[in-house]
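Good morning, and thank you for coming.

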Amino acid sequence: MPKSRQFRSQAIILSRRDFGESDRLLTLFTPARGKIRAIAKGARKPSAKVSGHVELFARSDCLIHRGRNLDILTQAELIEPYLGLREDLGRGAYANYVAELLDRFTADEEEAGEDLFLLLHQTLARIAGADDPRLAARFFELQLLDLAGFRPELQECVVTRAKLQPERQYFSHEEGGVVSRGAAAEVASGLVEIDFVTLKLLRHLQRSADAWERVNSLRITSGQHNRAETIMLGYIAHLLERKLESVDFIRRLRQFSPGV
């Protein structure tokens with residue numbers, strides 16, 4: 001039997017850009033096929049049937065036709081718009097960060113993405129409605145790194161494998177985890193100090209994959225957020241060998257809205 005050139009799937013729109021005179025090129029993340037790119041023909045026309053159903057960071061039921069070079073989105077029905085992302089600029093900025101991060105850590109149609117799709121859906125819902133969207137973004141980072149095979153070592157020294165003492169330590173981007181004070185001299189460069197409170201926070205987020213309610217009950221100060229963010233963004237930039245555009249936007253936004 002010939003393989004069907006058409007399939008239906010839920011999809012979350014990670015990014016979109018204008019293509020040609022009236023089309024849009026979409027980056028979609030699906031449960032069964034992972035990340036795909038598809039053309040939504042005529043989507044920029046107000047009268048197009050799919051125009052209101054392929055909003056950025058929305059979850060839709062899609063009918064997709066397999067093309068030779070690019071797939072074609074032929075039908076779409078909106079399932080979940082995550083309205084909070086559109087009503088608040090800060091929440092929208094964190095959604096953009098999460099989408100860019102997932103995009104950078106995945107290849108087109110690399111493999112089925114059921115776990116990543118569920119994590120993305122849950123994270124967008126959390127950012128849209130949680131009291132602390134920044135905490136939802138940190139939680140997403142650590143769960144994504146686990147699923148992508150880049151879990152940072154937070155429980156023991158990555159050099160000596162000894163249990164970490166409750167004191168200020170170091171984090172090594174190159175080694176992928178915490179380095180004890182006694183072993184710091186054995187690491188050539190790239191060490192960032194990490195206080196024990198920040199380490200405990202990151203540990204809690206890392207081991208709470210199935211316990212968002214417990215994470216959501218945390219009350220994190222701005223200073224704690226900043227310290228955890230410094231560690232995580234430095235490690236992620238090292239892994240990707242680049243900085244994320246969405247991070248710069250969030251930092252610019254904070255100049256006018258310090259609570260973001």
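Let me begin with a term: two strands are taken to pair if DSSP finds at least two bridges between them. What we have on the screen is a predicted model. With that in mind, consider strand E1, residues 6-19, and strand E4, residues 59-65: they run antiparallel and are joined by seven bridges. Within this pairing, Gln-6 stands opposite His-65 of E4.

E1 and E4 belong to a closed barrel of five strands, whose order is E1-E2-E3-E5-E4 and whose pairing is mixed. From one strand to the next, the twist averages 50 degrees.

Which helices lie across these strands? Helix H2, residues 89-105, lies across E1, strand E2 (23-30) and strand E3 (34-40). Its direction is at about 110 degrees to E1. Helix H3, residues 114-129, lies across E1, E2 and E4, and runs at about 55 degrees to E1.

Three bridges connect E6 and E7 in the antiparallel sense, and Ser-172 has Gly-177 in E7 as its bridge partner.

Next, the aromatic side chains. How many aromatic pairs does the structure hold? There are three, and I shall describe two of them.

Phe-105 and Phe-150 form a tilted pair, at 5.9 Å centre to centre and with 55 degrees between the planes. Phe-105 lies in helix H2, whereas Phe-150 lies in the loop between helix H4 (133-148) and strand E6 (169-172), so the pair ties together parts that are 45 residues apart in sequence.

Phe-139 is in helix H4 and Trp-212 is in helix H6 (residues 212-216), so the pair ties together parts that are 73 residues apart in sequence. Phe-139 counts as buried at 1% relative accessibility, and Trp-212 counts as buried at 10%.

One further ring deserves mention. Arg-33 places its charged end over the ring of Phe-7, 3.8 Å from the centre of that ring.

Finally, the nonpolar cores. The largest has 63 residues, and those with the most contacts inside it are Leu-85, Tyr-97, Leu-101, Leu-102, Leu-120, Leu-144 and Leu-202. Helix H2 supplies the largest share of this core, with nine residues. What does Leu-144 touch, leaving aside residues up to four places away in sequence? Its contacts are Leu-101, Leu-102, Phe-105, Leu-116 and Leu-119.

Thank you for your attention.

Note on methods: Residues are numbered from 1 along each chain as its sequence is written. This is a predicted model: local features need pLDDT of at least 70, side-chain atom pairs count only at pLDDT 80 or more; totals for chains, interfaces and linings use all residues. Side-chain values use heavy atoms; hydrogens and water are left out. Helices (H or I, at least four residues) and strands (E, at least two) are DSSP runs, numbered from the N terminus. Axes are lines fitted to C-alpha atoms, for helices over the stretch in contact, and angles run from 0 to 180 degrees between N-to-C directions. Contact means heavy atoms within 4.5 Å. Rings of Phe, Tyr and Trp (its six-membered ring) pair if their centres lie within 6.5 Å; planes under 30 degrees apart count as stacked, over 60 as edge-to-face and the rest as tilted. Buried means under 20% relative accessible area, exposed over 50%, partly exposed in between (1.4 Å probe, protein chains only). A charge sits over a ring if NZ of Lys or CZ of Arg is within 6 Å of the ring centre and within 35 degrees of the ring normal. A nonpolar core is a set of buried Ala, Val, Leu, Ile, Met, Phe, Trp, Tyr and Cys residues joined through side-chain atoms within 4.5 Å.
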